[in-house]
Amino acid sequence: MFSTNPSSSSSKSPGREAGLEEVLERIQRLTNGSEGKGKPSDSTSMGSISPENHYRASSPSSLESGLAGRVGEAAPKSQPQEHSIAVPPGSPAYLKVTGSLDEPMLPIEPASLYEAGLSETLVEELAVRFLFNRGEASGRQVADQLKLSFRLVEPILTRLKAQQMVAYAGASSVNDYVYVMTDAGRDRAKRYMQKTTYFGSAPVRLSDYIAGVKLQSVEHQHPSREALRKAFSDLLVSPALLARLGPAINSGRGMFLYGYPGNGKTSIAERVTRTFGQFIWIPRCILVEGEIIRIFDPMMHEESEPEPSQGLIDHSPVDPRWIRIRRPTIVAGGELTMPMLEVAHNPVSNICDSPLQVKSNCGVLLIDDFGRQRMTVDELLNRWIVPLEKRHDYLSLPSGKKIQVPFDQLVIFSTNLEPKNLVDDAFLRRIPYKIEVQNPTEDAFRKLFEIMCKALKVPYRAEMIDYLIAKHYKPFDRPYRNCHPRDLLLQVRSYCYYNSVPLELRFEYLDFAVENYFSIM
């Protein structure tokens with residue numbers, strides 16, 4: 001029989017009561033974020049968004065030296081030097097500081113359309129255009145398409161049903177239905193389509209985007225020597241060059257990388273992003289003066305799915321209007337033109353696309369082969385001379401209005417030309433670091449051959465490199481370049497494959513490679 005006396009029940013099972021208290025205490029710790037993998041500590045609780053909320057990193061250690069050239073696989077991820085930032089005043093409550101340098105910010109799902117900065121009319125337009133193009137969809141499918149919580153979308157669908165804009169085609173899941181457009185609904189959808197054909201993710205306010213950029217700014221990232229060593233571990237970089245790169249990257253401003261072609265300027269620039277934190281959150285699109293501007297570009301951004309929650313209950317779901325990506329590295333070479341630096345407007349769909357500098361915010365923007373673009377140097381100078389100094393840019397919308405957006409990236413100009421012959425002093429002043437990537441020494445050149453032989457699976461023979469230098473370099477005062485070992489070895493490998501001979505270094509193979517490679521150089 002079961003006892004109805006609470007005191008007798010308690011006296012009979014003291015172990016059960018203690019176990020229950022322990023379970024409740026553990027659940028409380030989990031929900032408070034003090035236990036579980038990936039949860040922030042109390043001092044960096046995601047529940048606080050006050051100016052006193054900061055994040056810090058541990059202090060890295062010393063540097064190992066290298067020489068200039070490729071070593072092998074991608075470098076392990078690095079941690080920036082100890083640093084803290086305060087949350088900017090006026091930041092939206094749903095943008096939380098995480099306490100992690102690899103992921104400084106986390107957008108939490110807003111509790112209402114008001115908190116999300118959305119009107120019911122805008123959400124209705126998106127839902128109606130989606131149903132018009134899809135034909136039929138459940139309420140949760142509509143919410144997934146708009147990247148909003150179902151509880152925020154359901155009242156709007158209910159209102160459309162009451163207005164006879166949509167009808168039920170059947171039941172879906174619990175408390176959900178499959179919706180189809182009525183004739184009146186299709187007429188309304190056609191009017192909405194004349195405004196724009198966009199029916200993707202609900203947009204984020206411009207002010208929220210600006211706040212997100214400030215929280216994840218490259219100016220708050222201060223990589224140490226150890227961080228640089230890890231980021232450039234797959235390159236051989238001279239200690240002198242690394243010592244000059246470190247302060248330039250820490251500044252978060254801009255730099256010139258110049259020198260002879262083939263010495264790895266582009267490779268160095270592409271690895272700078274590794275010295276910063278790994279991930280940032282960007283909105284899929286933003287709403288500015290009634291215009292929807294897409295920010296996320298799958299061709300330029302690398303999406304990285306967040307790790308699943310480790311707690312029993314996820315009390316802070318992520319706002320799906322934002323997407324987690326690796327800090328971007330946007331490269332623009334000779335194809336760069338002035339329209340690529342402005343908002344791109346499609347007159348048919350009335351959808352706008354953000355320019356390169358906006359897509360590179362919180363990352364690195366590399367202008368490769370500077371001076372050889374289709375646009376003149378003076379045009380680029382006049383376009384960016386103010387943003388490089390003020391750290392914000394002005395963009396023109398299709399309506400003619402101008403908006404201010406962050407210009408928050410490390411801009412790297414890589415060129416084979418002398419910078420002072422390209423631009424005037426006013427522009428050079430706004431690029432505080434000018435770093436020359438010099439030719440490798442003979443010892444470094446030999447080391448590069450040894451490394452590349454291992455990478456290309458060509459048996460290394462030191463006497464063959466002695467022969468190459470003595471016959472083909474020194475008699476002609478031919479300068480060493482970091483790219484030569486790789487390029488010559490690839491020619492040797494192709495020669496061996498074609499002639500069906502063992503892959504190895506021989507005098508005649510090197511002579512063949514040199515004759516082809518340097519025939520007009």
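Predicted model: local features only at pLDDT ≥ 70, side-chain atom pairs only at ≥ 80, totals over all residues.
Colleague: Let's start with α5 and α6. At what angle do they pack, and how far apart are their axes?

Modeller: Helix α5 covers residues 139-146 and helix α6 covers residues 150-162; they pack at about 120 degrees, with the axes 9 Å apart. That makes α5 oblique to α6.

Colleague: Is the crossing left-handed or right-handed?

Modeller: α5 goes past α6 in a right-handed crossing.

Colleague: Which residues make the contact?

Modeller: From α5 you have Gly-139, Arg-140, Val-142 and Ala-143, and from α6 Phe-150, Val-153 and Leu-157. Sorted by class, the contact has 5 nonpolar, 1 polar and 1 charged residues.

Colleague: OK, and α4 with α6, what's the geometry there?

Modeller: Helix α4, residues 120-134, crosses α6 at roughly 75 degrees, and their axes come within 10 Å. An angle from 65 to 115 degrees counts as roughly perpendicular, so α4 is put in that class relative to α6.

Colleague: Switching to strands. What is the order in the sheet with β3?

Modeller: The order is β3-β5-β4, an open sheet of 3 strands with antiparallel pairing.

Colleague: Why are β3 and β4 left without a neighbour on one side?

Modeller: β3 (136-138) and β4 (166-171) are the edges and each has a single partner strand, so one side of each has no neighbour in the sheet. On average, neighbouring strands here are turned by 30 degrees against each other, ignoring direction.

Colleague: How many bridges join β4 to β5?

Modeller: There are 5, with β4 and β5 (residues 177-181) running antiparallel. For a landmark, Gly-170 has Val-178 in β5 as its bridge partner.

Colleague: And which strands do α5 and α6 lie across?

Modeller: α5 lies across β3 and β5, at about 90 degrees to β3. α6 lies across β4 and β5, at about 115 degrees to β4.

Colleague: What about the parallel sheet, what's its strand order?

Modeller: That open sheet has 5 strands in the order β12-β15-β18-β7-β19. The twist from one strand to the next averages 20 degrees.

Colleague: Which helices lie across β18?

Modeller: Helix α10 (residues 239-251) lies across β7, β18 and β19, at about 155 degrees to β19. Helix α13 (residues 377-390) lies across β15 (364-367) and β18, at about 145 degrees to β18.

Colleague: Last one: which residue takes a positive phi in the hairpin of β16 and β17?

Modeller: Gly-400, with phi near 100 degrees; the hairpin has 5 residues between its strands. β16 (residues 392-396) and β17 (residues 402-406) run antiparallel, joined by 5 bridges, and His-392 stands opposite Pro-406.

Terms used. Residues numbered from 1 in each chain as written. Heavy atoms only, no water. Axes fitted to C-alpha atoms, helices over the stretch in contact; angles between N-to-C directions. Helix = DSSP H or I, 4+ residues; strand = E, 2+ residues; numbered from the N terminus. Parallel < 35°, antiparallel > 145°, perpendicular 65-115°, else oblique. Left-handed = near helix turned anticlockwise from the far one by under 90°. Contact = heavy atoms within 4.5 Å. Nonpolar A, V, L, I, M, F, W, Y, C, P; charged D, E, K, R; others polar. Pairing = 2+ DSSP bridges.
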